[in-house]
Amino acid sequence: MESSYKRIAGWPENLVAPKSGKTRPMQILTNIVLLLPILLFFIYADLIRRNDHMPKDSPRVRELVEASRYGPTVFPILFTLVVGGSLRSLAFYRLQAGERIGFLDLLFGSTTLGSAIETLFERRFGYFDISSLGLLVLWALSPLGGQATLRVIGYDDFHTIMPLDISYVDYTQSTFPFGLEAGDLGPLAIAPASAFVSSLSCPLSFQTAKSDLWGNVKVPVLEALPDYSSARAGDWVDVPTDPTGIWYASFIGVPIANIPRAGQAQFQAEVAYWELECPSFRTGTYQDIDYTMSELRNQNVSIPLDAVVLVDTPDLQGAASTWGWILSNSSAESLNQRCRSNSTSNPPRRQLMYWSWNTDSTFTVTNCTMGTSYVEISVGCDGWSCGVDRVRRSLQHPTIHSTASTSLDPCDELPDPWPTVPQFFNLMLKAVDNQLGRSTQTGLLQFFMQHPNRTQGDFQDIQLTNLGNETFAQRFSVLLNTYWVAIYNYNLTSSGHANSLVFDNLYYDKSPIANSTGTTTLSEGRFVFNRVWYAVLIISSSTLFFTALGKLVLDLHILIPELQMNASTLLRGNMAYCPSAPNDGSAMDDGDRSRLLRYHRVRFGYRPTTSEYGGELGIGELDEEEGPVVKIAKGQKYY
């Protein structure tokens, strides 16, 4: 049963001409507007190029980075809008001129990336030709362009090398501080004593670190480095990166000023430290005590070989504690030889005798000689974190004294009731033993030599004789160097990362500061654009721009009505199967047809005819009486 025709308001009753692209102002305006956001991507690309090598923290770079976050979302949407519309316009343009159905179906089915891929699969790639390949390449630019807006941004470190002037405490020509020789010892000794005890009681991680508690650079013992034995004179010896097994001459490092807070600094410095040799090393007994003491008091009697032998003419100076004593002797002649020596001389070394109780009521007795190692260190810093990375025997150390001379030799010292040697040892023992009151009681010095890797423990487990002479000499020299550096640095130990080393003129009889030059490398993060992704961005944006421009031109030359390829489009030429709708109106745009026919119900089904074939499948109107189009029956076959 056919429904009667109903007039639709707005449906043309007379002949009308189809709208062309030139008569669609909104379409022209839309096409022009679409060009504007595409231009923003060119502007973005140009700003990327112009800001190449800019500091990454600059405001413009931060703005570009912020803008890049929207690119992967905005670009594909804009690409789909422009390219999808352009492909439809091309299809309409070719449709009005006449084109193969296969090509038209390919265009209409490729208005998005997903639909393009789906269309090729539906065609089973049987018609895969240059047009199909071109569409795949075209749509591949959509995700690539979106990623290019983000991946075009990169960063790199640029290095600027500048000269560096630093100053540091010079130990190569150090003498006993004038302030301690001439001033009130009590107040002046507080700072060195505090630094000395703190450095001995700090955790193992600080004892093995390249810098001390205050950030001063510690000096590795050249003779203890693994590659020292195979190195030639003057060769640099690398300091291992693994701190295990590295012995430092002192637990207090060299104060260095003017180290830049940022960047990598590299410089060299001349330093010196004491080294000991202790060939005579043994365990004493109670029977040795009185004899040894009596012989030491009698400076005209030589000491037999079974006791500790002091080779030099006895001129004993030192300090005593509850656990024993530290004594040094040097004749006037030996001292004179060292004071008049140069780098090629070989005068007698200073003698040093150490005696202390063990916890098993024996005592350790050793006779050592002292000398000075002059070395050159190469220091590398990353900001304020500094450490020695190479050491070599000094090529420029002072030639007025040999390595047999030490800072304890009072070459310029006037006669004084408190000469250098006893004053130094008394101050050192006072710093660590002022709480000891019982005879034979060991202290912090002995505990460190027995347990250098422990900051606290059993003071009743002291057997220094078990160390052996080489280990004892190494650990004892660390103690002597640490206190000497604490004494000589005075307030400079805790100066931190100062711009300059300000020393007390009343404390030193001459300037303790040396200067050196080096370089500092400033690593600055710079914004750099990725050239490959930049090219992808330009190619994608250019393709998008010319595609949008092509759509604008094509739309101006399209004369057929606007086809939206929807249900209203399918009804064109099939109005016989929509009896309730007018048969005319073929020149209307699909937008208008869709709006006016929006309440009509249609179905794709069986359309019976009077033909001998018995009907066909197609689209038609549906009404209460089922209309002219019948539902497809399951299992039914149709032409």
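The model is predicted: local features need pLDDT of at least 70, side-chain atom pairs count only at pLDDT 80 or more, and totals for chains, interfaces and linings use all residues. Residues are numbered from 1 along each chain as its sequence is written, and side-chain values use heavy atoms, with hydrogens and water left out. Of its 639 residues, 47% count as buried. Buried means under 20% relative accessible area, exposed means over 50%, and partly exposed lies in between, with a 1.4 Å probe and protein chains only.

**Contacts across the sequence**

- Among contacts in the protein with a separation of 6 or more, 73% come from residues 24 or more positions apart.
- A contact here means heavy atoms within 4.5 Å.

**Strand pairing**

- Two strands pair if DSSP finds at least two bridges between them.
- Strand 2 (residues 153-169) and strand 11 (residues 513-529) run antiparallel and are joined by 17 bridges.
- Within this pairing, D157 has G525 in strand 11 as its bridge partner.
- Strand 2 is also joined to strand 4 (residues 256-257) by two bridges, and these strands run antiparallel.
- Opposite Y168 stands I256 of strand 4.

**Packing of helix 13 and helix 15**

- Two packed helices are described by the angle between their axes and the distance between the axes.
- For helix 13 (residues 420-433) and helix 15 (residues 469-489), the angle is about 100 degrees and the axes are 11 Å apart.
- Axes are lines fitted to C-alpha atoms, for helices over the stretch in contact, and angles run from 0 to 180 degrees between N-to-C directions.
- Helix 13 and helix 15 are therefore roughly perpendicular to each other; that word covers 65 to 115 degrees, while angles under 35 count as roughly parallel, over 145 as roughly antiparallel and the rest as oblique.
- Helix 13 contributes F424, F425, L427, M428 and A431, which meet L479, L480, Y483, W484 and I487 of helix 15.
- By class, this contact of helix 13 with helix 15 has ten nonpolar residues, no polar ones and no charged ones.
- Ala, Val, Leu, Ile, Met, Phe, Trp, Tyr, Cys and Pro count as nonpolar, Asp, Glu, Lys and Arg as charged, and the others, Gly among them, as polar.

**Disulfides and cysteines**

- The structure holds two disulfides, each being a pair of cysteine sulfur atoms within 2.5 Å.
- The link of C278 and C368 is right-handed, with 100 degrees about the S-S bond.
- C278 lies in strand 5 (residues 264-284) and C368 in strand 9 (residues 363-382), so this pair ties together parts that are 90 residues apart in sequence.
- Both C278 and C368 are buried.
- Another disulfide joins C381 to C386, with an S to S distance of 2.0 Å.
- The torsion about the S-S bond of C381 and C386 is about 115 degrees, so this disulfide is right-handed.
- C381 is buried at 4% relative accessible area, and C386 is buried at 6%.
- C202 also counts as buried, at 7% relative accessibility.

**V379 and its surroundings**

- V379 is placed in strand 9 and counts as buried, at 0% relative accessibility.
- Leaving out residues up to four places away in sequence, V379 touches V217, A265, Q266, F267, C386, G387, V388 and D389.
- V379 and V217 are 162 residues apart in sequence, and their C-alpha atoms are 8.1 Å apart.

**Loop residues**

- H53 lies in the loop between helix 1 (25-50) and strand 1 (54-55).
- Although H53 is not a glycine, its phi is positive, at about 70 degrees.
- H53 counts as partly exposed, at 36% relative accessibility.
- M565 is in the loop between helix 16 (531-556) and helix 17 (567-570).
- M565, a residue other than glycine, has a positive phi near 55 degrees, and M565 is partly exposed at 45% relative accessible area.
- P579 is found in the loop between helix 17 and helix 18 (590-596) and counts as buried, at 16% relative accessibility.
- P579 and G620 are 41 residues apart in sequence and 9.1 Å apart in space, C-alpha to C-alpha.

Terms used
Helix = DSSP H or I, 4+ residues; strand = E, 2+ residues; numbered from the N terminus.
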